[in-house]
Amino acid sequence: MKPTRNLCVYCGSGPGKQPAYMAAARTLGKALADNGIGLVYGGGSMGLMGETARTVLENGGHVTGIIPEFLTQKERMLTDVQELIVTTTMHERKLTMFEKSDGFIVLPGGLGTLEELSEVSTWAQLDQHTKPIIICNIDGYWEPLLTLFSHMREEQFIRPGLDFKFDVVNQAAQAVPAFLDRIANMRQTVPVKPVRQTM
Ligand code: AMP
């Protein structure tokens, strides 16, 4: 059965240095399955991405993998998921991931993860959606980025009218509760405007 809620997880295509990162992927995957929330992710089988998806499946959850054609070999597309979407371009992948999700959880990752987080954050800044963004600061991994956000705020490049909301949790186990809490307190969980038409 298709879940009524889906969360997009952005995370590394590698395992990272600290075992805590892969452990966080497993904790999050189990929490998604246990709460009946579907996983939307980049479709690969490697690193944190693969670990999150496999854990959701092992615990009886629902996975939607979305991958551009040119990455199906490189990121070893995971095929035994309930829904698999192969897109023509990276842009189409990101937009489809956005459209299919009710919120975004960010685990540790590299440039791809950072790019995805930046994109949904700028869309929020520009009032194109109000979907929750939850950053999992596992072992302080995202601390330098959070410092940069504060610096941008202090220097008034992130400023009133151009601000955006995100939550930071330190444990993967706190991510799903933070999402549920955020949507319970929101009047509107759907995009203000369909991003596909405006961005
Ligand atoms: P990384 O965090 O660099 O390990 O990448 C995580 C995921 O982001 C992988 O599936 C990458 O294919 C994807 N990715 C890499 N570059 C981009 C990009 N420019 N836009 C969106 N996703 C990307």
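**View 1. The axes of helix 1 (residues 19-34) and helix 2 come within 7 Å of each other and cross at roughly 35 degrees.** This is a predicted model, in which local features need a pLDDT of at least 70 and side-chain atom pairs count only at pLDDT 80 or more, while totals for chains, interfaces and linings use all residues. Residues are numbered from 1 along each chain as its sequence is written, and side-chain values use heavy atoms, with hydrogens and water left out. Helices (H or I, at least four residues) and strands (E, at least two) are DSSP runs, numbered from the N terminus; axes are lines fitted to C-alpha atoms, for helices over the stretch in contact, and angles run from 0 to 180 degrees between N-to-C directions. The crossing of helix 1 and helix 2 is right-handed, a term used when the near helix is turned clockwise from the far one by less than a right angle. From helix 1, Tyr-21, Met-22, Ala-25, Arg-26, Gly-29, Lys-30, Leu-32 and Ala-33 meet Gly-47, Leu-48, Glu-51, Thr-52, Thr-55 and Val-56 of helix 2, where contact means heavy atoms within 4.5 Å. The residues of this contact divide into 7 nonpolar, 4 polar and 3 charged; here Ala, Val, Leu, Ile, Met, Phe, Trp, Tyr, Cys and Pro count as nonpolar, Asp, Glu, Lys and Arg as charged, and the others, Gly among them, as polar.

**View 2. Thr-52 is found in helix 2.** Is Thr-52 buried or exposed? With a relative accessibility of 1%, Thr-52 counts as buried, a word that stands for under 20% relative accessible area, whereas exposed stands for over 50% and partly exposed for what lies in between (1.4 Å probe, protein chains only). Leaving aside residues up to four places away in sequence, Thr-52 touches Val-9, Cys-11, Ala-25, Gly-29, Leu-39 and Leu-107.

**View 3. The largest nonpolar core has 33 residues.** Such a core is a set of buried Ala, Val, Leu, Ile, Met, Phe, Trp, Tyr and Cys residues joined through side-chain atoms within 4.5 Å. Val-9, Leu-28, Leu-32, Leu-39, Ile-105 and Leu-107 have the most contacts inside this core. Two or more residues come from each of strand 1, helix 1, strand 2, helix 2, strand 6 and helix 6 (175-184), and helix 1 gives the most, with 7 residues. The neighbours of Leu-107, not counting residues up to four places away in sequence, include Val-9, Tyr-10, Cys-11, Ala-24, Ala-25 and Trp-142. A second, separate core of 22 residues includes Val-120, Ile-135, Phe-149 and Phe-166.

**View 4. An open sheet of 7 strands, with parallel pairing, has the order 4-3-2-1-5-6-7.** Two strands are said to pair if DSSP finds at least two bridges between them. Strand 4 and strand 7 (167-169) are the edge strands, each of which pairs on one side only, and neighbouring strands of this sheet are turned by 20 degrees against each other on average, direction ignored. Strand 1 (residues 5-10) and strand 2 (residues 37-41) pair in the parallel sense over 4 bridges, and Asn-6 has Gly-38 of strand 2 as its bridge partner. Helix 2 (residues 47-58) packs on the sheet, where it touches strand 1, strand 2 and strand 3, and its direction makes about 155 degrees with that of strand 2. Helix 3 (residues 90-99) also packs on the sheet, touching strand 1, strand 2, strand 3, strand 4 and strand 5 (104-106), and its direction makes about 160 degrees with that of strand 3.

**View 5. Strand 3 is mostly covered, with 6 of its 6 residues buried.** In a regular strand the side chains alternate between the two faces of the sheet. Both faces of strand 3 are covered, with Val-63, Gly-65 and Ile-67 buried on one side and Thr-64, Ile-66 and Pro-68 buried on the other. Strand 2 and strand 3 pair in the parallel sense over 3 bridges, and Val-40 stands opposite Thr-64 in strand 3.

**View 6. Glu-83 lies in strand 4.** At 18% relative accessibility, Glu-83 counts as buried. Apart from residues up to four places away in sequence, Glu-83 touches Lys-2, His-62, Val-63, Thr-64, Gly-65 and Lys-100. Glu-83 and Lys-2 are 81 residues apart along the chain, and their C-alpha atoms are separated by 9.7 Å.

**View 7. Arg-76 has a positive phi of about 45 degrees although it is not a glycine.** Most residues other than glycine have a negative phi. Arg-76 lies in the loop between strand 3 (63-68) and strand 4 (83-87), and, with a relative accessible area of 55%, Arg-76 is exposed. Asp-139, also a residue other than glycine, has a positive phi near 50 degrees. The loop between strand 6 (133-136) and helix 5 (143-154) holds Asp-139, which counts as exposed at 57% relative accessibility.
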